[in-house]
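Q: I am new to reading structures. Please take me through this one feature by feature.

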Amino acid sequence: MQQGNLTALSITMFVILTVVLIGFLAGRDKATRSSVEEWSVGGRRFGGLLVWFLVGADLYTAYTFLGLTSTAYTAGSLAFFAIPYSVLAYFISYFFLPKLWKVANQHKLTTLADYARERFDSKLLSSLIAIVGVLMLIPYICLQLSGIQDTLQVAGTGFINVKVVVITSFLLVALYTFFSGIKGPTYTAIIKDVLVWAIMLFMVVSLPIMHFGGWDPMVDKIVTEAPQLLTIPNEGPKGIPWFITASFVSALALFMWAHAATGVFTAKSADAIRKNALFLPLYNIVLILVVFLGFIAFLVLPDGTDPRFALLALIQTSYGGIGQGLAYSTIALASLIPCSIMAIGASNLFANNIYRDLINPKVKGAKLTMITRGMVFVVIGLALLFGLVFPQALVSLQLLGVSGMVQIFPAIVISLFWRNQTREATIIGLLVGLTVTFTVYSTGTSLGIYEGFWGLMANFASVVVLNPLFVKKAKFSTNAVKDYLFGEKSNKVDLVRKGA
Amino acid sequence: MKKILMILLIALPFLAQLVVLPFANRIDPIIFGLPFLQFWLFLWIVLTPFCTFGIYQLQKSQGGLD
């Protein structure tokens, strides 16, 4: 690796430390850690704009920027699958998140697994969902880790011991997350989002001018020299059918992630969530531009550049010094802040739905809060351990993350609308979906279609076919959540609450 | 009438971004400096919120929101 850039490195380190400090300051009020609800979802007091920043910060991570540019660099327009994926994810979320939020608010739930437990009266289902959630999220946290690691490596080679700095910065993040809860990443998310927009727009305007003399000459050059980048292949292992199914399945999966759900539950009203669903697609304008940065890298960088470093190398050769420092700090923040929210989501699942639902049902109050907060260190520690020690073991889990997460969609979303959906059929469907996804992936029989799509189809089919076998019991049994969702009584409760 | 409009607004983003995609998968014509595929995706980033907004207004007028 060539020598780094000291100016860029100092700026990046300075920004990281400032943000960590703000993260700590955000939690100076003791109330932020007084209960699980305060610590993990901010007491559900966040307005539309704050939720927008939080969910935006949550979902547009360092991996988004580094991964998309390297996909664009190697596989051209396949990288654009991220656009319909996230646009549709917000669109779909409009139809179910407000409802889910209302149930969660009414029953003081903080995780999706909590909802499944109450909706189906099943601790088995909630702990299964939690296990899937934690298992898929830890590799995802590792990805964020490699984001900051790559940044520091390019800027800091020859100046610092990258591993030591990465470990230190993640421990600091774990510490401020433990201390401030969701307030930490929320305030720092605003800084990150503003930086992301400013830096990405700056790069998209300046890079074409620097290298090609403007945007239009650049597009002309791609059209004549590398037209294969601009369209999606019609067939092959990853062609149009893959693109469409990957977009669709990922769109359904997006809000099944624990960190996305955490972001949503911080909202103070169902209307704040509707407004978010309305405005979040606009965040994707940045994404389209980021993919073009990958194309620029393809034209500008020498052959044989490691695709993983495409964006970072492009920034280093084009700017150096201050510009590189600002861009790198943006990427570093995009790695640290989502990591904090993900750790909250995973800890919450672990403490509430694995520890409490499965191991020690009597735990509550202060002890549960403490366990939830303490889990942050375990989650981030595991991510560090796996990321630094066994990076290869995680590759499959990372690839399967979305396909795995989407399997809880019937349990979480369909169940909001289908009164007689039974717990038995849902659990079997989830297990069938996971099995099919892993089988298709490990045997390589996806037939040019996204793995999770096969799993989800098998999952849906199992639920629909098996449900009639168990429906008798479900038809006559009810509980508070079902009453709230489908019962007559619920409307009255709602009116009383509104009047109060 | 309102029901048809609602169904249309719900279906449109899916049709445009998934079903129609194979036909939008081309370079020409280049519009606003974007090759056609990229222009098409960009267009629906902007249009999808309008669909959502339309649905929001319809639900509101029917008193379906609280």
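A: Take Y73(A): leaving aside neighbours within four places in sequence, Y73(A) is in contact (heavy atoms within 4.5 Å) with G294(A), A297(A), F298(A), L301(A), P302(A), T305(A), P307(A) and A310(A). The model is predicted, so local features need pLDDT of at least 70 and side-chain atom pairs count only at pLDDT 80 or more, while totals for chains, interfaces and linings use all residues. Residues are numbered from 1 along each chain as its sequence is written, chains are lettered from A and ligands numbered from 1 in the order in which they are written, and side-chain values use heavy atoms, with hydrogens and water left out.

Q: How far apart along the chain are Y73(A) and F298(A), and what separates their C-alpha atoms?

A: They are 225 residues apart along the chain, and their C-alpha atoms are separated by 5.4 Å.

Q: Is Y73(A) buried or exposed?

A: Buried means under 20% relative accessible area, exposed over 50%, and partly exposed in between, with a 1.4 Å probe and protein chains only. Y73(A) has a relative accessible area of 10%, so Y73(A) is buried.

Q: Which helix holds S70(A)?

A: Helices are DSSP runs of H or I with at least four residues, strands are runs of E with at least two, and both are numbered from the N terminus. S70(A) is in helix α4 of chain A, residues 62–75, and Y73(A) lies in helix α4 of chain A too. S70(A) is buried because its relative accessible area is 16%. Leaving aside neighbours within four places in sequence, S70(A) is in contact with P307(A) and R308(A). A polar atom of the S70(A) side chain lies 3.2 Å from the backbone oxygen of G67(A).

Q: Which residues are linked in a network of salt bridges?

A: D114(A), R117(A), E118(A), R356(A) and D357(A) are linked in this way. R117(A) pairs with E118(A), the closest N and O atoms being 3.1 Å apart. R117(A) is buried at 11%, whereas E118(A) is partly exposed at 28%. D357(A) pairs with R356(A) at 3.8 Å between the closest N and O atoms, and both of these residues are buried.

Q: What is the secondary structure of chain B?

A: Chain B has three helices and zero strands. Its radius of gyration, taken over C-alpha atoms, is compared with a globule rule of 2.2 Å times the number of residues to the power 0.38. The radius is 15 Å, well over the 11 Å that the rule gives for 66 residues, so chain B is more spread out than a compact globule. Its C-alpha atoms fill a box of roughly 45 × 20 × 15 Å along the principal axes. Of its 66 residues, 44% count as buried.

Q: Is F23(B) buried or exposed?

A: F23(B) counts as exposed, because its relative accessibility is 67%. F23(B) is in helix α2 of chain B, residues 21–24.

How values were computed: Polar contact = N/O pair within 3.5 Å; in protein donor to acceptor, adjacent residues only side chain to side chain. Salt bridge = Lys/Arg side-chain N within 4 Å of Asp/Glu carboxyl O.
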